[in-house]
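Hello,

Here is the structure I promised to hand over. Please have a look, then read my notes below.

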Amino acid sequence: MKKSYIVIGVIIVIVIGIFMWFKGSYNQMVTRSENVSSQWSNVENQYQRRLDLIPNLVNTVKGYAEHEQNTLTQVVEARAKATQMQVNFDQLDEQTIRKFNNMQGELSSALSRLLAISEQYPDLKANENFRDLQAQLEGTENRIAVERRKFNEEVKDYNAYIRSFPKNIIAGMFGFTPKPYFEATAGAEKAPEVKF
């Protein structure tokens, strides 16, 4: 009789231990998934900051560079496209990130051309509003790069956690799937060519 109590006690301890491990693993997956989601929000926040700066920059340049209407139109159109794309984090996959990244890349390219125009207009370069906006835009581009790097770090941590054995079994049971990384836009390794 005493032996059966010991066996039952050992079984109960083992079951409780497995339950606690299972619970801890699941909760870690939820926490890491939320970290990725939170970091994605930080990335979107910085892109939104850039989108908010663009109308002021375009209006400032417009006053000095009326005959550069084509470039100004390209910036406005690229901004409009970028603001139309809404990304649902729950459906974040490689194709969505690639599309988002391409739209932001088009906007970056148009902004580069706009800022290059300023070299032709000494009065524009001397304009305090333009200089302030340009500095804010450069700071925002740096923030975007930092937040994208942090996003990739969170994704790496999450993906490694859910793919490791035996946690991959729990991840599969509850639908935790790997998240995609931000990657450089195609052609990003080449410096943009500016022609006047």
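**Aromatic contacts**

Tyrosine 26 is partly exposed, because its relative accessible area is 30% and that class lies between buried, under 20%, and exposed, over 50% (1.4 Å probe, protein chains only). This is a predicted model: local features need pLDDT of at least 70, side-chain atom pairs count only at pLDDT 80 or more, and totals for chains, interfaces and linings use all residues. Residues are numbered from 1 along each chain as its sequence is written, and side-chain values use heavy atoms, without hydrogens and water.

The whole structure holds six aromatic pairs. Rings of Phe, Tyr and Trp (its six-membered ring) pair if their centres lie within 6.5 Å; planes under 30 degrees apart are stacked, over 60 edge-to-face, the rest tilted.

Tyrosine 26 and phenylalanine 174 have ring centres 4.8 Å apart and planes at 65°, so they pair edge-to-face. That pair links distant parts of the chain, 148 residues apart: helix α1 (residues 2–64) and helix α6 (residues 167–174). Helices are DSSP runs (H or I, at least four residues), numbered from the N terminus. Phenylalanine 174 is partly exposed, at 42% relative accessibility.

Tyrosine 26 also pairs with phenylalanine 176: the centres are 5.6 Å apart and the planes at 75°, so this is edge-to-face. Phenylalanine 176 sits in the segment after α6, 150 residues from tyrosine 26. Phenylalanine 176 is buried, with a relative accessible area of 14%.

Phe22, Tyr26, Phe174 and Phe176 form one aromatic cluster.

Best wishes

Terms used
Helix = DSSP H or I, 4+ residues; strand = E, 2+ residues; numbered from the N terminus.
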